[in-house]
Amino acid sequence: MVFAKSHATGLFPADWKLANVTPVFKKGSQNQPWNYRPISLTSVPCKLMENILKERMVQLFEAKHFFFDYQHGFTKDRSSLTNLLETLEPWTAALDEGFGIDVIYLDYRKAFNMVPHNILIYKLKSLGIDSNLLSWLTDFLSARYMRVCL
């Protein structure tokens, strides 16, 4: 009932906007702050709501054939591993036939931290996301706050 009301009103519960950020050690000296990776944890109801809405949005995008056949991120039964396996086969075949291969890797790890929310909402609207969900997503992305937990 809480999820349905949240979606129907387009309002995201304020309590769910709090994220606990925990630094997780990667490698190197433990005295250097850049050797830690921040992990942001939200509440369980928030995560459940996010998963429900993600699945509904993926269904909508799949119905509109939004995803490319070669896309592995954000798609069911696909991952960086399946991407790698599909890529290695033609590379190996090309090498076996005596061809050279040039590969360019792009690192998008911080790309999603820099997406302008107004552009994201505009694009979702153009894809046919209903107004309640757009309002909910806009509210979800605004006035968020966090605290560091050690």
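User: A polar contact is a pair of N or O atoms within 3.5 Å; within protein, one must be able to donate a hydrogen and the other to accept it, and residues adjacent in sequence count only if both atoms are side-chain atoms. Which backbone oxygen does the side chain of asparagine 35 reach?

Analyst: The side chain of asparagine 35 reaches the backbone oxygen of serine 29, at 2.8 Å. This is a predicted model, in which local features need pLDDT of at least 70 and side-chain atom pairs count only at pLDDT 80 or more, while totals for chains, interfaces and linings use all residues. Residues are numbered from 1 along each chain as its sequence is written, and side-chain values use heavy atoms, leaving out hydrogens and water.

User: Where does asparagine 35 lie, and is it buried or exposed?

Analyst: Asparagine 35 lies in the loop between β1 (18-25) and β2 (36-41); strands (E, at least two residues) and helices (H or I, at least four) are DSSP runs, numbered from the N terminus. Asparagine 35 counts as buried because its relative accessibility is 13%, where buried means under 20% relative accessible area, exposed over 50% and partly exposed in between (1.4 Å probe, protein chains only).

User: What does asparagine 35 touch, leaving out residues up to four places away in sequence?

Analyst: With that exclusion, asparagine 35 touches Val24, Phe25, Lys26, Lys27, Gly28 and Ser29, contact meaning heavy atoms within 4.5 Å.

User: Turning to the helices, how do α1 and α2 cross?

Analyst: Their axes come within 11 Å and cross at roughly 65 degrees. Axes are lines fitted to C-alpha atoms, for helices over the stretch in contact, with angles from 0 to 180 degrees between N-to-C directions.

User: Which residues make the contact?

Analyst: Phe3, Ser6 and His7 of α1 meet Pro45, Leu48, Met49, Ile52 and Leu53 of α2. By class, the contact of α1 with α2 has six nonpolar, two polar and no charged residues. Ala, Val, Leu, Ile, Met, Phe, Trp, Tyr, Cys and Pro count as nonpolar, Asp, Glu, Lys and Arg as charged, and the others, Gly among them, as polar.

User: Is serine 6 buried or exposed?

Analyst: Serine 6 counts as buried, at 4% relative accessibility. Not counting residues up to four places away in sequence, serine 6 touches Leu11, Phe12, Pro13, Met49 and Trp136.

User: Which residues of α5 are buried, and what covers them?

Analyst: In α5 (residues 131-141), the buried residues are Leu133, Leu134, Trp136, Leu137, Asp139 and Phe140. Their cover includes α1 (2-9), α2 (44-63) and α4 (117-126).

User: What caps the N-terminal end of α5, and what comes just after α5?

Analyst: Aspartate 130 is the cap: one of its side-chain oxygens lies 3.0 Å from the backbone nitrogen of asparagine 132. Just after α5, alanine 143 takes a positive phi of about 55 degrees.

User: How many disulfides does the structure hold?

Analyst: The structure holds zero disulfides, a disulfide being a pair of cysteine sulfur atoms within 2.5 Å. The closest cysteine sulfur to that of cysteine 46 belongs to cysteine 149 and is 15 Å away, too far for a bond. Cysteine 46 is buried, with a relative accessible area of 0%, whereas cysteine 149 is partly exposed, at 27%.
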